[in-house]
Amino acid sequence: MFKETAQLFKAAAPLLAKTTLLKEVRISSTHGGSSVHGHRYFNVTCSICAKVPPRKKPRVKVDIPGLERITYGDRMHYVPGLAKPSFPTWVRDWNDPSHYYAPKEEEMPLHKEKSCFVFNQRTNALEGVRQALWLTKSKLTKGLPDQVLSLASFSANQIENQDERVQNAIRHARFWDTTEERPSREKFCVALLRSLIHLCGSLQVSHPGLGRRILAEKYSLAATWSRGEDLFQVRGQNGLLLNSMAPLPVLAGKEEVQSTADHVLETFYPISPTIDLQSVQVYEEQNHTGFKEDYPYPHAHTLFLLEAGDTPVTLLPEQLRAKMIMFAFGNALARAHTLHGTKPGVLEQPIVVQSVATNGRMFQYVVFQLNTTDLQADEGVKNQVWVENDQLLYDFAKVRPLIKKRVVQIPPGLSGYKPETFQKFLSLFLHGAV
């Protein structure tokens, strides 16, 4: 009995001590003390209520000539009361990768004082298309060229049961390729684009030129140029690229190219053209298409960008079109540097690259023609860009109907299919093979 009572008192001792301490604090607060101060430090942990201690300032060592400190360096062991010696940094006579210290940025052998502004797949250009036009020294034309749009108007260039097969491709991406009630955009966007490319490729029987192409993805692009007083570079992975053995035909003749010299580039002062571009130190000004020199499909045909899936950054339509222009320009410029070197000048044979972007429902089309690599000054021949924006392939694809006030607003299934959007897609795909 006595042992059990002693164990109970021993277990309750910390709780009794804490209660007694709190009582003493409350009593002291009634005699002029601060109850808030007592409750703050006794009821809440110090790590929550206490302030972060200030960071200690490093002690500055001052060396006075003629007044050197007495250290224990000569004695080769620690001696209390004597100062700590400072020894020179020991440099190994061999290469030890586990103890490598990189030199400072200024001491690098390829260091340049002027930084480079990089446009990559994560860049969200504030001014959108206007900023891309200034960076690439280009003239904008709304709508696709007539010689490209006319390709899908001929019956010989159309697919058998074209509208029905395109609608089945949409249903496959939105309804049939998933067990979920609503597939994610990252899934149905990729499935729809692959199905449309496969559907266009079925014309290879009547157009053998389509067999001289190949799709490439996850290739790394690098294109460098000077614009004004700044250095720019487009680099990184940028989507699915359709390569061809033969280049695309030129869209604008020599007279039209020369007439672009009278075009005045639009400015957006006081906003800087380099806004939202990453400023980095580029040691080597590389120009690389992402493929080897003996690659049998060296010419970039069409660049496909997915609004969902390429990058976690979500871009608005205006910024997405700017990304299309920049990477189409980058592929064309890298190819021009491979063929003609890095010396700037007007190209005798312009380079044409197309770009298509989609989010699974809306399509954006861009055609870029590189006329010159002399991009430093605003004067002279300009490059040319054709843009067809915000083209809906269909209005709605609903698994269940949308009902409001007992009235069916949107029926289930596919509704609002627009065949002219796919005709433009097919025209860009057939360009160069007809």
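Tutor: Let's start with a definition: buried means under 20% relative accessible area, exposed means over 50%, and partly exposed is in between. Keep in mind that we're looking at a predicted model.

Student: Okay, so why is Asp 390 called partly exposed?

Tutor: Its relative accessible area is 38%.

Student: Speaking of H6, why are H6 and H7 called roughly antiparallel?

Tutor: Helix H6 (residues 162-176) and helix H7 (residues 185-201) pack at an angle of about 155 degrees. Angles over 145 count as roughly antiparallel, and therefore H6 and H7 get that label. Their axes are 8 Å apart, and the crossing is right-handed.

Student: Which residues make that contact?

Tutor: On the H6 side they include Val 166, Ala 169, Ile 170 and Ala 173, and on the H7 side Phe 188, Leu 192 and Leu 196 are among them. The residues of the contact divide into nine nonpolar, two polar and two charged.

Student: How do you know that E4 and E7 are edge strands?

Tutor: Look at the order of the open four-stranded sheet: E4-E5-E1-E7, with mixed pairing. Strand E4 (221-227) and E7 each pair on one side only, and they are the edge strands. Neighbouring strands here are turned by 30 degrees against each other on average, direction ignored.

Student: How do you know that E1 and E5 pair?

Tutor: Pairing takes at least two bridges. Strand E1 (residues 116-119) and strand E5 (residues 230-236) are joined by four, so they qualify as a pair. The two strands run parallel, and Phe 117 stands opposite Phe 232 in E5.

Student: Which helix lies across E1, E4 and E5?

Tutor: That's helix H9 (residues 317-340), running at about 90 degrees to E4.

Student: Last one: what makes the bond from Tyr 269 to Pro 270 stand out?

Tutor: Most peptide bonds are trans. The one from Tyr 269 to Pro 270 is cis, with omega near 10 degrees. Pro 270 lies in the loop between helix H8 (254-259) and strand E7 (278-280).

Notes
Residues are numbered from 1 along each chain as its sequence is written. This is a predicted model: local features need pLDDT of at least 70, side-chain atom pairs count only at pLDDT 80 or more; totals for chains, interfaces and linings use all residues. Side-chain values use heavy atoms; hydrogens and water are left out. Axes are lines fitted to C-alpha atoms, for helices over the stretch in contact, and angles run from 0 to 180 degrees between N-to-C directions. Angles under 35 degrees count as roughly parallel, over 145 as roughly antiparallel, 65 to 115 as roughly perpendicular and the rest as oblique. A crossing is left-handed if the near helix is turned anticlockwise from the far one by less than a right angle, and right-handed if clockwise. Contact means heavy atoms within 4.5 Å. Ala, Val, Leu, Ile, Met, Phe, Trp, Tyr, Cys and Pro count as nonpolar, Asp, Glu, Lys and Arg as charged, and the others, Gly among them, as polar. Buried means under 20% relative accessible area, exposed over 50%, partly exposed in between (1.4 Å probe, protein chains only).
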